Amino acid sequence: MHEQQITGEGNSLPLAIELKKICKRFGQVQANRDIDLQVQRGTIHGIVGENGAGKSTLMSILYGFYQADSGEILINGQPATIKNSRDAIDAGIGMVHQHFMLVDTFTVLENVLLGAEQSASLDKSEANALEVLEHLSAEYQLSVPLKSITAELPVGQQQRTEILKALYRNAEILILDEPTGVLTPQEADQLFRVLKALKERGVTIILITHKLREIMDITDNVSVLRLGEIVSTHRTADTSTAELAELMVGRKLETQHFHKVDTADGESGIAVNNITVVDDRGLTRLDDVSFEVKRGEIVGIAGVAGNGQSTLLEVLAGIQSPNKGQFVINGHIVDASAPLGPREMREIGVQHVPEDRLRLGLIKSFTAAESSVLGYQNRKVFNWRFFLNIKSIRAACVKLMQAFDVRPPDPKLKSSSFSGGNQQKLILARELDKAPSVLLVGQPTRGVDIGAIELIHQKIVDMRDANCAILLVSVELDEIMTLSDRILVMFEGRIVGTVKGSEADKTTLGLMMANAMDTAA
Amino acid sequence: MNTSDIELPAWVEVVLIPVLNILMALFFAGLIILAIGENPVEAVAIMINGAFGYDEAIGYTLYYTTNFIFTGLAVAIAFHASLFNIGGEGQAYIGGLGVGLTFLLLDKYLPAIILIPIGIIAAGLFGALWALIPAWLQAYRGSHIVITTIMFNFIASSLMVYLLVNVLIKPGSMSPETREFDPSGWLPFMHEILAVVGIEVTRTPLNLSFILALICCVLVWAYVWKTRWGYALRTAGQSEAAAVYAGIKPKRIVIITMCISGALAGFVAVNEIMGVHHRLLLNYTAGYGFTGIAVALMGRNHPVGIIMASLLFGVLYQGGAELAFEVPKITREMVVAIQGLIILFSGALALMLRPLIVRLWLAIKPSPTLTQHG
């Protein structure tokens with residue numbers, strides 16, 4: 001199924017994929033315009049671009065979720081019509097989505113088989129598949145326990161299941177959409193080893209990411225998308241992260257360096273003492289967690305998503321109350337017997353920028369003005385007798401939008417019509433505007449354009465310099481390292497390590513995140 | 001292609017698509033009428049004339065409309081909190097119990113000016129209480145409100161039969177209904193009110209509740225979209241997690257919203273019991289509670305839409321009755337089938353035409369501009 005191809009000096013290689021003048025429009029939005037793309041067989045081709053640049057649309061066209069309005073797709077030199085994912089699979093294209101398309105309660109084997117069973121008898125299909133899969137896993141170093149229940153596997157192995165799924169369907173072209181977003185640095189390295197092995201055996205890989213370092217590490221060629229158009233395609237060796245970032249954003253970017261506070265000597269903003277949280281299913285989410293955040297310092301919580309960071313934020317924001325232990329926040333003692341709700345937390349000057357802005361931070365169907373008072377809707381300034389004072393709400397929203405450069409600055413526009421970055425800026429503006437003395441920030445720049453990240457980081461550091469105690473949770477290690485004065489690493493609900501921000505290095509943090517540090521360290 | 005995210009101009013969404021849906025329903029209704037050998041155009045003419053042709057017809061149409069506005073609003077306000085209140089029928093029925101008890105106890109002693117407001121409050125209160133139990137079960141015990149409200153319709157029905165047969169029945173009477181209320185406390189009919197200002201119209205059941213229904217539309221609109229309570233209601237309806245984040249208590253929203261919803265449904269009793277029958281009797285709700293679901297669906301859960309949809313159903317009820325009367329071959333059941341088609345096309349299949357219209361719209365509208373969204 002996989003022909004051997006010699007990789008190396010590129011231009012003479014046959015093309016696995018050729019896109020000609022692909023256009024796609026959604027209503028007012030031109031998602032893709034005149035896309036010309038050539039991907040050589042047996043190479044890793046990176047596609048980078050900001051959110052909304054059209055990466056996902058383009059890949060969805062290739063995988064048959066959408067049809068292009070115009071343009072041509074050639075697979076291995078042959079014109080192809082891809083109307084749905086079945087056509088794509090038949091053409092030898094496999095896709096690993098950012099959010100896995102796996103049935104949690106199925107075994108790995110069942111997930112791989114799903115939709116590709118070869119006979120009505122499941123037992124027979126499984127027996128056949130088992131043989132093929134064992135061969136595949138060995139060939140590509142893709143070891144996954146085939147009989148295990150998917151939900152019980154670590155994310156990295158779930159992702160391998162997705163790759164196996166594609167290979168089992170004879171994929172010769174593999175599209176990976178933001179594959180490292182959910183992985184520890186070590187898991188990401190493993191993934192890259194697998195990708196290299198695949199490439200050596202002639203598989204063509206398209207890697208969509210916004211992490212430029214990954215592009216530099218692993219791709220052979222890279223294309224940059226901006227505003228729906230391809231603005232450049234380079235051999236990776238001939239370009240640099242700085243150049244790529246500039247191409248993505250369309251202007252020069254300065255790298256951010258913030259001064260770090262090494263030993264904060266302010267008073268305590270948050271003091272957490274032995275907090276334990278057990279959820280409804282009896283799982284321990286937080287396990288005897290203790291730490292302190294002083295005023296004028298940013299404490300970052302590093303960790304792979306799902307290791308208790310979210311629960312910690314929710315507890316401190318009053319959304320959940322701890323089962324055991326207590327914490328002092330802004331001078332108020334909180335424990336299971338004396339909980340404070342989100343509303344009370346706001347009143348005592350604890351502001352919270354939630355991790356999931358679309359689920360918690362704003363209401364998609366509300367106007368920007370309405371979303372800009374979420375959590376503050378009962379404040380006197382926004383009300384007049386029984387009624388909301390829409391004029392003052394709009395005026396306040398416009399002020400927030402100006403202060404944080406939210407575009408377009410139109411308070412009557414629906415919240416969902418703003419890009420991720422602008423939604424996030426609006427939420428941040430709403431919370432920072434209340435002059436918090438304790439600030440809880442979750443994933444401040446998830447899905448946010450590079451341009452907006454600068455501003456958001458600057459505003460958070462400004463708050464610290466204004467003597468606010470800040471707790472930052474992020475799955476982006478780079479972000480934690482850029483902003484934090486002190487870094488705590490969480491693993492399975494416990495804090496497994498503390499590192500000074502000025503002394504942090506990625507390898508150590510990565511090992512801590514996987515709880516692979518020697519206890520002596 | 002997924003068209004549900006593409007926005008269309010308001011006039012297409014709220015006028016063109018509903019009108020097309022109704023036309024499609026009428027087309028299929030026409031086929032049925034053709035099949036039984038009658039002339040569909042003539043049938044429509046009889047129906048429209050029967051609903052609007054003369055003052056008596058208009059009176060009846062608006063009398064039905066009143067009920068639909070109440071039950072439509074009841075479903076709509078719950079819907080904004082993402083609660084599906086199927087119990088309008090039972091809440092309206094129990095609302096009648098409130099009115100009945102008030103009048104049976106007080107109509108001999110209180111003047112209309114005091115009795116009528118108490119009756120209205122009692123209708124709302126009893127309706128609200130009947131919605132409160134399922135609401136509490138949903139909020140604090142996790143029983144699904146769709147199931148409990150359906151069940152409460154049956155309980156209401158049985159309870160009313162028991163009370164009317166065994167407790168509240170007029171002594172010595174064979175028919176399960178209460179004594180007639182003292183005429184001093186009856187809600188004034190529209191023809192009576194109009195007669196005062198010198199306009200003579202034919203006697204119809206249309207009464208002052210119609211005005212109450214319109215007032216409720218304004219109040220619901222203001223509550224949902226213009227107050228902080230409505231803000232909290234819509235927030236909880238859109239995202240429970242966001243509501244909790246914003247310091248709103250979703251359980252409380254469930255309770256409050258269902259009580260308002262139940263009260264609105266209970267006001268059907270104001271129209272029927274205080275306005276028309278003047279005694280408590282069996283089954284006066286006649287399915288208005290269920291039709292309210294269709295009304296809310298058609299009216300897009302907005303008071304203006306609900307008024308329009310209620311009017312349409314008023315026309316169907318009144319014009320349909322007229323049609324069954326004028327054309328013997330078209331039976332009462334046939335009229336119900338036509339109503340069913342309209343509900344099917346405007347309610348259940350409301351979005352069927354949308355993808356087609358989106359595509360047409362994209363094809364004919366001005367050229368696109370490059371914009372950057374999400």
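**Close-up views of a two-chain model**

**View 1. Helices α13 and α14 of chain A cross each other.** The axes of α13 (residues 390-403) of chain A and α14 (residues 420-432) of chain A come within 9 Å and cross at roughly 110 degrees. This is a predicted model, where local features need pLDDT of at least 70 and side-chain atom pairs count only at pLDDT 80 or more, while totals for chains, interfaces and linings use all residues. Residues are numbered from 1 along each chain as its sequence is written, and chains are lettered from A and ligands numbered from 1 in the order in which they are written. Helices (H or I, at least four residues) and strands (E, at least two) are DSSP runs, numbered from the N terminus. Axes are lines fitted to C-alpha atoms, for helices over the stretch in contact, and angles run from 0 to 180 degrees between N-to-C directions. So α13(A) and α14(A) are roughly perpendicular to each other; angles under 35 degrees count as roughly parallel, over 145 as roughly antiparallel, 65 to 115 as roughly perpendicular and the rest as oblique. On the α13(A) side, the contact is made by Leu400(A), Met401(A) and Ala403(A), and on the α14(A) side by Leu426(A), Ala429(A) and Arg430(A). Being in contact means that the C-beta atoms of two residues, placed from the backbone, lie within 7 Å. Sorted by class, that gives five nonpolar, no polar and one charged residues. Here Ala, Val, Leu, Ile, Met, Phe, Trp, Tyr, Cys and Pro count as nonpolar, Asp, Glu, Lys and Arg as charged, and the others, Gly among them, as polar.

**View 2. Domain 1 of chain A meets domain 2 of chain A.** Chain A is split into domain 1 (14-92 + 172-249), domain 2 (102-171) and domain 3 (268-349 + 435-513), with bounds from an automatic or database domain assignment. The C-alpha centres of domains 1 and 2 of chain A lie 25 Å apart. Across the boundary, 15 residues of domain 1 touch 11 residues of domain 2 in chain A. On the domain 1 side, β7 (173-177) and α6 (185-200) of chain A each supply at least two residues. The most come from α6(A), with seven residues. That side of domain 1 of chain A divides into 10 nonpolar, two polar and three charged residues.

**View 3. Six strands of chain A line up in an open sheet.** The order is β6-β7-β8-β3-β9-β10 (chain A), and the pairing is mixed; two strands pair if DSSP finds at least two bridges between them. At the edges stand β6 (93-96) and β10 (229-235) of chain A, each with a single partner strand, so one side of each has no neighbour in the sheet. From one strand to the next, the twist averages 20 degrees. Look for β3 (residues 44-49) and β8 (residues 204-208) of chain A, which pair in the parallel sense over four bridges. His45(A) stands opposite Ile206(A) in β8(A). Helix α6(A) packs on the sheet, touching β3, β7 and β8 of chain A, and its direction makes about 145 degrees with that of β8(A). Helix α8 (residues 241-249) of chain A also packs there, touching β3, β9 (221-226) and β10 of chain A; its direction makes about 30 degrees with that of β9(A).

**View 4. Strands β21 and β22 of chain A form a hairpin.** Six bridges join β21 (residues 486-491) to β22 (residues 494-500) of chain A, and the two run antiparallel. Leu488(A) stands opposite Thr498(A) in β22(A). Two residues lie between the strands, and in the turn Glu492(A) has a positive phi of about 45 degrees.

**View 5. Chain B touches chain A.** Here 25 residues of chain B are in contact with 32 residues of chain A. On the chain B side, α9 (228-238) and α10 (240-245) of chain B are the elements that give two or more residues. The largest share, five residues, comes from α9(B). By class, this side of chain B has 12 nonpolar, 10 polar and three charged residues.
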